[in-house]
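Thanks for coming, everyone. Please have the sequence and the model open while I talk.

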Amino acid sequence: MRIARYSAILAVAAFSSVASAQSPVADAFRHNEASEAKNLIAAAEEFPANKYSYKLTKAQMSFGDIVAHLSGGNDLLCGAIGGTKAPTRTKLAATAKKAELVARLKETFEFCNTALAGLDDSKLNESMSVFGMTMTRAGVMTLTTGDWADHYSQSAIYMRLNGMLPPTAKKP
């Protein structure tokens with residue numbers, strides 16, 4: 001009886017390890033999303049409200065544009081990747097109040113958490129259309145990771161040019 005019980009416990013533990021190891025790409029993507037969310041939200045919270053219109057040149061996005069753009073992109077991209085319909089939200093302009101922009105950014109990263117919860121590696125090769133381009137789910141995941149990194153980089157540069165240290169440059 002004891003051997004059967006220990007065998008059952010061992011089998012459950014082994015199955016759990018194998019099951020979680022079968023989606024290393026999805027797991028890595030969710031980890032990246034959590035990390036980028038933390039940094040992007042921290043940057044949005046720390047950047048002064050009176051500087052949300054700041055941009056380096058006329059051709060570039062303002063800091064508020066970056067936050068608004070990320071919010072729209074999160075809903076679209078995380079919904080597509082997770083196979084979940086994105087919530088219908090009222091459009092929020094880049095000139096909205098900082099508190100509204102930060103709250104929206106947080107909401108959209110919360111949606112990403114929900115949309116990506118069931119993501120696994122079984123459909124990485126599935127074809128999908130995003131921004132008029134046809135690519136695999138893995139391709140959309142890569143695009144999204146790059147988008148988050150790109151906009152965090154922009155945010156970090158804007159912070160440094162305004163005498164601030166970006167979240168990833170601070171000592172823990």
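Start with helix 2 and helix 3. Their axes are 12 Å apart, and they pack at an angle of about 160°. An angle over 145 degrees counts as roughly antiparallel. That makes helix 2 roughly antiparallel to helix 3. The crossing of this pair is left-handed. Keep in mind that this is a predicted model.

Who touches whom here? From helix 2 come Phe 29, Leu 40, Ala 43 and Ala 44. On the helix 3 side they meet Phe 63, Val 67, Leu 70 and Ile 81. By class, that contact has eight nonpolar residues, no polar ones and no charged ones.

Now turn to the next pair, helix 3 and helix 4. Helix 3 covers residues 63-82, and helix 4 covers residues 98-116. They pack at an angle of about 15°, with axes 9 Å apart. Under 35 degrees counts as roughly parallel. Helix 3 and helix 4 are therefore roughly parallel to each other. They also cross in a left-handed way.

What does helix 3 bring to this contact? Its residues include Gly 64, Val 67, Ala 68, Leu 70 and Ser 71. Further along helix 3, Asn 74, Asp 75, Cys 78 and Ile 81 are among them too. In helix 4, the partners include Leu 101, Arg 104, Leu 105, Thr 108 and Phe 109. By class, the contact has 12 nonpolar, six polar and two charged residues.

Stay with helix 4. It has 19 residues. From first C-alpha to last, helix 4 reaches 27 Å, close to the 27 Å expected at 1.5 Å a residue. Which of its residues are buried? Among them are Leu 101, Val 102, Arg 104, Phe 111, Cys 112 and Leu 116. And what do the buried residues of helix 4 pack against? Helix 2 (24-46), helix 3 and helix 5 (137-161).

That brings us to helix 5. Helix 5 has 25 residues and reaches 36 Å from its first C-alpha to its last. That is close to the 36 Å expected at 1.5 Å a residue. After helix 5 comes Gly 163, with a positive phi near 75°.

Thr 144 lies in helix 5. Is Thr 144 buried or exposed? Buried means under 20% relative accessible area. Thr 144 has 1%, so it is buried. Leaving out residues up to four places away in sequence, Thr 144 touches Phe 29, Leu 77 and Ile 81.

You will find Thr 95 in the loop between helix 3 and helix 4. Exposed means over 50%. The relative accessible area of Thr 95 is 76%, so Thr 95 is exposed. In sequence, Thr 95 and Tyr 52 are 43 residues apart. In space, they are 7.8 Å apart, C-alpha to C-alpha.

Last, step back to the whole protein. It has five helices and two strands. Along the sequence, the pattern reads α-α-α-α-β-β-α. How much of the protein is buried? Of its 172 residues, 37% are.

Methods
Residues numbered from 1 in each chain as written. Predicted model: local features only at pLDDT ≥ 70, side-chain atom pairs only at ≥ 80, totals over all residues. Heavy atoms only, no water. Axes fitted to C-alpha atoms, helices over the stretch in contact; angles between N-to-C directions. Helix = DSSP H or I, 4+ residues; strand = E, 2+ residues; numbered from the N terminus. Parallel < 35°, antiparallel > 145°, perpendicular 65-115°, else oblique. Left-handed = near helix turned anticlockwise from the far one by under 90°. Contact = heavy atoms within 4.5 Å. Nonpolar A, V, L, I, M, F, W, Y, C, P; charged D, E, K, R; others polar. Expected span 1.5 Å × (residues − 1). Buried < 20%, exposed > 50% of the residue type's maximum accessible area, 1.4 Å probe, protein only.
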